[in-house]
Amino acid sequence: MTSPEYWSRLLIALSIAGAVIATLFYLLGLYSHCYSTGKLDASDVFLGFGLVLSYGITITTVIAALEGAGIDLSTLPSRTAHRVAMMFWIAQEFWPASQVCIKLSIIILLRRLLGCVKRVLSFTLFLAVFIFAWGLATFFANTFQCWPPQYFWNKEAEGHCISGEKALFMATGSVSFLQDIMLLAIPFAIAWRLQMAPRKKVLLTILFGMGGIVCTFSLMRLIEFRYYPINNLTASGTRERIWTLLEIDIAIVCTSIVLMPPLFKPCTDTCRRIYRQTIGRLMTAECTQRAESWPFQKHCTNFSQDGRSEVRAQAYPASAAEVRDRRESMTGDFIRVETTISRDVHDREVLWPQAGRSSLTSGMLPTVAEEKRMSDDMSNVDFSGVGFG
């Protein structure tokens with residue numbers, strides 16, 4: 001059997017660690033949202049309220065753990081037993097309020113991301129009203145399960161409690177679990193029907209899919225209520241408190257993670273740029289190696305029609321610098337082709353009579369110097385980057 005000291009240390013460590021991690025992720029998500037949009041919205045505000053209210057559960061759990069969590073209530077001094085029971089009662093007040101704020105934050109986030117679907121807007125509006133009504137009813141039910149309320153922690157006073165406290169806790173927990181399932185199902189049902197890149201669909205599914213962890217903790221909390229000791233909260237009620245802490249803190253973490261991708265965008269862009277540069281260097285090295293092993297340095301073919309004209313074609317490997325500059329648009333082996341067309345300028349009267357003389361480049365009457373310049377320009381025609389696979 002586990003010792004009471006174990007439960008006490010576990011509750012204290014879990015409460016503090018959960019609060020710190022939830023706060024850290026909330027601040028990172030808040031910074032990421034402000035970094036990407038430059039402003040806050042209602043989702044950030046509600047999630048912040050949920051975080052602050054979760055501190056109430058954390059503080060009351062730590063106090064209860066220090067006072068005697070895991071110990072039979074009847075063995076504790078009267079004042080200590082009253083104080084521990086009061087901490088459990090206060091935590092019940094913070095739990096529905098924190099749940100409502102966190103779930104409303106998720107709903108606002110869903111409406112912002114998936115608001116282009118009309119059914120999402122109408123369904124999330126109904127769900128928001130339902131969650132708020134559930135939270136209000138749960139808060140009053142937990143507050144007035146005993147009358148007067150202080151009778152919950154002080155059985156020496158006159159008063160009474162409802163006969164179905166365990167059924168009340170299971171009913172409210174079941175509705176909360178159902179809400180978690182519906183919030184988890186919305187992005188899965190809608191995201192893959194949207195017109196967006198598959199990569200974004202996968203990312204959105206993974207981000208919201210982490211909410212399944214929250215559903216697991218919510219279910220474990222609900223199962224624990226089957227063995228919830230109404231008259232001895234400190235002895236076995238610590239297990240229910242563990243699942244409560246995990247459910248609240250992980251819900252805040254998962255909601256914050258959905259807002260964090262813009263925070264890592266500079267990092268992913270840098271990694272992508274380094275990857276492309278590395279691939280480029282590898283391609284350049286490979287092409288340089290091919291150029292060094294090219295079977296011939298130059299291939300020349302001369303063709304003349306009438307003894308005064310010459311067509312010359314040359315093919316040889318492109319330089320490493322040219323390969324590097326054009327590597328993204330080139331495929332296969334890299335070949336540079338130059339074509340030179342030369343004609344004896346003194347024979348121009350035969351081909352271009354004086355009256356019909358024209359320039360191939362500008363449409364103006366050419367001079368000897370212009371025709372020579374045309375010949376020089378044609379000898380520099382560059383088709384670098386042409387690939388032959």
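N142 sits in helix α4, which covers residues 118-143. The model shown here is predicted. Is N142 buried or exposed? Its relative accessibility is 3%, so N142 counts as buried. The cut-off for that label is under 20%.

Which residues does N142 touch, leaving aside those up to four places away in sequence? They are W89, Q92, E93, P96, L168 and F169. Two of these, L168 and F169, belong to the stretch 165-190 that forms helix α5.

## A cis bond

Now look at W147 and P148. The peptide bond that joins them is cis. Its omega angle is about -5 degrees. P148 lies in a loop. That loop runs between strand β1 (146-147) and strand β2 (160-161).

## Helices α5 and α6

Two packed helices are described by the angle between their axes and the distance between the axes. Take α5, residues 165-190, and α6, residues 198-209. Their axes come within 10 Å and cross at roughly 170 degrees. The pair is therefore roughly antiparallel.

Where do the two helices meet? From α5 come L184, P187 and F188. From α6 come T205, F208 and G209. Sorted by type, the residues of this contact include 4 nonpolar and 2 polar ones. None is charged.

## Annotated transmembrane regions

The unreviewed UniProt entry marks several spans as "transmembrane region".

Residues 167-190 are 100% helix and 0% strand. The C-alpha atoms at the ends of that span lie 35 Å apart. Residues 202-223 are 95% helix, again with 0% strand. Here the end C-alpha atoms are 32 Å apart.

## The whole protein

How many helices and strands does the protein have? There are 12 helices and 6 strands. The protein has 389 residues, and 40% of them count as buried.

Consider the contacts with a separation of 6 or more: 74% of them join residues 24 or more positions apart. The exposed surface comes to about 21800 Å². Carbon and sulfur atoms supply 65% of that area.

How values were computed. Residues numbered from 1 in each chain as written. Predicted model: local features only at pLDDT ≥ 70, side-chain atom pairs only at ≥ 80, totals over all residues. Heavy atoms only, no water. Helix = DSSP H or I, 4+ residues; strand = E, 2+ residues; numbered from the N terminus. Buried < 20%, exposed > 50% of the residue type's maximum accessible area, 1.4 Å probe, protein only. Contact = heavy atoms within 4.5 Å. Areas by Shrake-Rupley, 256 points an atom, 1.4 Å probe, with all protein chains shown as cover. UniProt positions renumbered as here; feature names shortened; annotations may be inferred. Axes fitted to C-alpha atoms, helices over the stretch in contact; angles between N-to-C directions. Parallel < 35°, antiparallel > 145°, perpendicular 65-115°, else oblique. Nonpolar A, V, L, I, M, F, W, Y, C, P; charged D, E, K, R; others polar.
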